[in-house]
Amino acid sequence: MVEMRLARLAVHRMTREPLALLVEPGTDRCLVVSVRGPQAEVIDGGPRPVPTGEDERMTQDLLADLAQLLGRRLDHGEITELVDDRFRAALVLDDDARVPARPSDVLAVAVREGLRIEVAEAVVDAVGQSFAALGGHRPEPARAAAEEVE
């Protein structure tokens, strides 16, 4: 597994679909993951703030709360494989139990809870791209980078 971090969100020029750009720290390797609109909003909001009231919890927060009630905690999110051009993903608990989920949900929960994101080496090798070639090195390249993503 390759540890990656969320570099930014972008919007695909043609489809207007939200995209998450994950990068491997210290390298130029990048993975572009399509995310659903509601999950993109959660990802864009960043880590869960300290709650000041019950009404502030989001659906994604319930997973960590439920795990805690069951005596577990969320450990990390994984993108595990690529099947028929679709990523498969899972949330991993501290006892190594895996909860299969859509990649956009895994990324939303991972960002919201501050979890590590790991991607199978075979996935990065198969569909990874150059972050610099996508415009990732520019200060605010989200729109231009998205235009380069096919």
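How many bridges join strand β1 (residues 2-11) to strand β7 (residues 116-119)? Three bridges join these two strands, which run antiparallel. The model described here is a predicted one, in which local features need pLDDT of at least 70 and side-chain atom pairs count only at pLDDT 80 or more, while totals for chains, interfaces and linings use all residues. Residues are numbered from 1 along each chain as its sequence is written, and side-chain values use heavy atoms, with hydrogens and water left out.

**The sheet**

Helices (H or I, at least four residues) and strands (E, at least two) are DSSP runs, numbered from the N terminus, and two strands pair if DSSP finds at least two bridges between them. Eight strands make up an open sheet of mixed pairing, in the order β6-β5-β4-β7-β1-β2-β3-β8. Its edge strands, each pairing on one side only, are β6 (98-101) and β8 (129-130).

| Strands | Bridges | Facing residues |
|---|---|---|
| β1 and β7 | three | Glu 3 and Glu 118 |
| β1 and β2 | six | Ala 10 and Leu 19 |
| β2 and β3 | five | Leu 19 and Ser 34 |
| β3 and β8 | two | Cys 30 and Gln 129 |

**The helices**

For the angles that follow, axes are lines fitted to C-alpha atoms, for helices over the stretch in contact, and angles run from 0 to 180 degrees between N-to-C directions; contact means heavy atoms within 4.5 Å. Helix α1 (residues 37-45) lies across β1 and β2 (18-23), and its direction is at about 110° to β1. Helix α3 also packs on the sheet, where it touches β1, β2, β3, β4 (74-83), β5, β6 and β7, and its direction makes about 40° with that of β5.

Helix α2 (residues 59-69) packs against helix α3 (residues 103-113) at an angle of about 70°, with the axes 9 Å apart. The two helices are therefore roughly perpendicular to each other, a term that covers angles of 65 to 115 degrees. Gln 60, Asp 61, Leu 63 and Ala 64 in α2 meet Ala 108, Val 109, Arg 112 and Glu 113 in α3. The residues of this contact divide into four nonpolar, one polar and three charged, where Ala, Val, Leu, Ile, Met, Phe, Trp, Tyr, Cys and Pro count as nonpolar, Asp, Glu, Lys and Arg as charged, and the others, Gly among them, as polar.

**The largest pocket**

A pocket is an open set of points on a 1 Å grid over the protein atoms alone, where a 1.4 Å probe fits, with protein on both sides within 12 Å along at least five of seven lines, and its lining residues have an atom within 4 Å of a point. The largest pocket holds about 520 Å³ of space, a volume being the space filled by probe spheres set on the points, which are joined across faces, edges and corners. Of its 21 lining residues, Glu 17, Val 33, Ser 34, Asp 85 and Phe 87 are the closest to its centre. At least two lining residues come from each of β3 (29-34), β5 (86-93) and α3, and β3 supplies the largest share, four residues. By class, this lining has 10 nonpolar, four polar and seven charged residues.

Notes:
Parallel < 35°, antiparallel > 145°, perpendicular 65-115°, else oblique.
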